[in-house]
Amino acid sequence: MPTELLLARPVAGSVGERERVAHLIPMPQEPGSPAYLRACCGARFGPGELELLDQIAGMPCEECLVKAPGAESPGLDQLGAGILARLAAIESRLESFSAQLASVLELVAGPDRKADHEDNRDG
Ligand SMILES: [Zn+2]
C-alpha cells in the first residue's frame with residue numbers, strides 16, 4: 001500500500017519566509033495523535049507548527065521531493081501534471097512552427113527544385 005503524503009508548510013511567523021517551503025509529510029501510521037510530524041526531508045514539526053495545503057503553494061521543499069516514497073501523492077501528481085501540460089504546450093507550438101517553416105521552405109525552394117528536375121529530365 002502506497003504511503004499517503006500530506007502537503008504542509010510551516011505557519012507564518014514560525015520560521016523565516018524563505019523557509020516556508022511546502023514539505024511532504026508521510027501520513028502517520030500509528031493510531032492516536034502523534035507528538036510531532038516528520039517530513040520526508042527529516043524536518044520535524046510539533047503541534048500548531050504546520051498549515052496543511054491542498055495544492056502546491058510557493059516553493060516546494062526540494063529535499064522532500066527527492067526523498068518522497070514514490071509519486072502516489074496528489075500533490076506530486078499535480079506538480080507532474082502541470083509540468084507535463086507545459087511541455088505539451090511547448091511541443092505543440094514547436095510542431096506548428098516547424099509545419100510553418102516547412103511550408104515556407106517549400107515555397108522558397110519549390111520553383112528552383114522543379115526547374116532543376118525538369119532540366120535533368122531534358123538533359
Ligand atoms: Zn522538506
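## Briefing: a chain of five strands and two helices

Set aside the neighbours of Ala 39 within four places in sequence, and Ala 39 is in contact with His 23, Leu 24, Ile 25, Cys 61 and Cys 64. Two residues are in contact if their C-beta atoms, placed from the backbone, lie within 7 Å. This is a predicted model: local features need pLDDT of at least 70, side-chain atom pairs count only at pLDDT 80 or more, and totals for chains, interfaces and linings use all residues. Residues are numbered from 1 along each chain as its sequence is written.

**Overall layout**

- The chain has five strands and two helices. Helices (H or I, at least four residues) and strands (E, at least two) are DSSP runs, numbered from the N terminus.
- Read from the N terminus, the order of elements is β-β-β-β-β-α-α.
- The chain holds 123 residues, and 12% of them are buried. A residue is buried if 20 or more other C-beta atoms lie within 10 Å of its own, exposed if 12 or fewer, and partly exposed in between; these C-beta atoms are placed from the backbone.
- Take the contacts with a separation of 6 or more: 52% of them join residues 24 or more positions apart.

**The sheet**

- Three strands make an open sheet in the order E2-E1-E5, with antiparallel pairing. E2 and E5 stand at the edges with a single partner strand each, so one side of each has no neighbour in the sheet. From one strand to the next, the twist averages 45°. For this angle, axes are lines fitted to C-alpha atoms, for helices over the stretch in contact, and angles run from 0 to 180 degrees between N-to-C directions.
- Strand E1 (residues 5-10) and strand E2 (residues 23-26) run antiparallel and are joined by four bridges. Two strands pair if DSSP finds at least two bridges between them.
- E1 and E5 also run antiparallel, joined by four bridges.
- Ala 8 stands opposite His 23 in E2 and opposite Leu 52 in E5.
- Leu 7 has Leu 53 in E5 as its bridge partner.

**The core**

- Ten residues form the largest nonpolar core: Leu 5, Leu 7, Ala 22, Leu 24, Ile 25, Ala 39, Cys 40, Cys 61, Cys 64 and Ala 68. E1 and E2 are the elements that give two or more residues to this core.
- A nonpolar core is a set of buried Ala, Val, Leu, Ile, Met, Phe, Trp, Tyr and Cys residues joined through C-beta atoms within 7 Å.

**Two loop residues**

- Ala 57 sits in the loop between strand E5 (50-53) and helix H1 (62-67). Ala 57 is partly exposed because 13 other C-beta atoms lie within 10 Å. Its C-alpha atom is 9.9 Å from that of Arg 20, 37 residues apart along the chain.
- Gly 46 belongs to the loop between E4 and E5. Gly 46 counts as exposed because it has 11 C-beta neighbours inside 10 Å. Gly 46 and Ala 35 are eleven residues apart in sequence, and 6.6 Å apart from C-alpha to C-alpha.

**Confidence**

- The chain has a mean pLDDT of 80, and 80% of its residues reach 70 or more. pLDDT is the predictor's confidence in each residue, from 0 to 100.
- Among the elements, strand E4 (residues 44-45) has the highest mean pLDDT (94), and helix H2 (residues 74-122) the lowest (73).
- Where pLDDT is low, the predicted coordinates should not be read in detail.
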